[in-house]
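Please look over the sequence and the structure before reading on, and keep both at hand while following the report.

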Amino acid sequence: MASLGQVIFWSIISIIIILAGAIVFIIGFGISAFSIPEVNVDYNASSESLRCEAPRWFPQPTVVWASQVDQGANFSEVSNTSFELNSENVTMKVVSILYNVTINNTYSCMIENNIAKATGDIKVTDSEIKRRSHLQLLNSKASLRVSASSAIDWVLLPLCFYLTLK
């Protein structure tokens, strides 16, 4: 049976290992956040509009709208994007409104920073609304570091608790 001193010692070692993994994560990957956008018809607007919303991004991304019918069109003059700091004061909520949309067209809301690119597509017809979203990591080295540091943490953590019980 482990003494109280051994339990405290191995608990402290476990905490140090977890903190070291977190530091490696922050240094290697940077503090970042990204989420998949949800695109909906904005019924509150005075004209036909789409609303693209993603709950968590950091660092601040860029938002670009695209259209399947109007390929290459610049929608910056008919869209409005805002970034609202979340309650933890680190990440931000992204909201972008695209005005004057037409029926029977597929629109894409693309949110991108140096870590990830997320796209939300919506097609609105007279009879239905179809949505699709996807997320792509842009920094492959960072994603490998995340996987490696997470794997190390989850391998060492049970080992530390095992040693505590010996």
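Does aspartate 121 count as buried or exposed? In this predicted model, aspartate 121 counts as buried, because its relative accessibility is 8% and the cut-off for buried is under 20%.

## The surroundings of aspartate 121

Aspartate 121 is found in strand β7, which covers residues 116–124, and its side chain makes a polar contact of 2.5 Å with the side chain of serine 108. Leaving aside residues up to four places away in sequence, aspartate 121 touches several residues, including Tyr107, Ser108, Arg131 and His134.

Across the whole structure, a search finds three aromatic pairs. One of them is formed by phenylalanine 34 and tryptophan 57, whose rings are tilted, with 6.4 Å centre to centre and 55 degrees between the planes. This pair links distant parts of the chain, since phenylalanine 34 sits in the loop between α1 and β1 while tryptophan 57 belongs to strand β2, 23 residues apart.

Phenylalanine 34 counts as partly exposed, at 27% relative accessibility, whereas tryptophan 57 counts as buried, at 0%.

## An edge-to-face aromatic pair

Phenylalanine 75 and tyrosine 107 form an edge-to-face pair, with 6.2 Å centre to centre and 75 degrees between the planes. Phenylalanine 75 lies in the loop between β3 and β4 and tyrosine 107 in strand β6, so the pair ties together parts that are 32 residues apart in sequence.

Phenylalanine 75 is buried, with a relative accessible area of 12%, and tyrosine 107 counts as buried at 3% relative accessibility.

Conventions. Residues are numbered from 1 along each chain as its sequence is written. This is a predicted model: local features need pLDDT of at least 70, side-chain atom pairs count only at pLDDT 80 or more; totals for chains, interfaces and linings use all residues. Side-chain values use heavy atoms; hydrogens and water are left out. Rings of Phe, Tyr and Trp (its six-membered ring) pair if their centres lie within 6.5 Å; planes under 30 degrees apart count as stacked, over 60 as edge-to-face and the rest as tilted. Helices (H or I, at least four residues) and strands (E, at least two) are DSSP runs, numbered from the N terminus. Buried means under 20% relative accessible area, exposed over 50%, partly exposed in between (1.4 Å probe, protein chains only). A polar contact is a pair of N or O atoms within 3.5 Å; within protein, one must be able to donate a hydrogen and the other to accept it, and residues adjacent in sequence count only if both atoms are side-chain atoms. Contact means heavy atoms within 4.5 Å.
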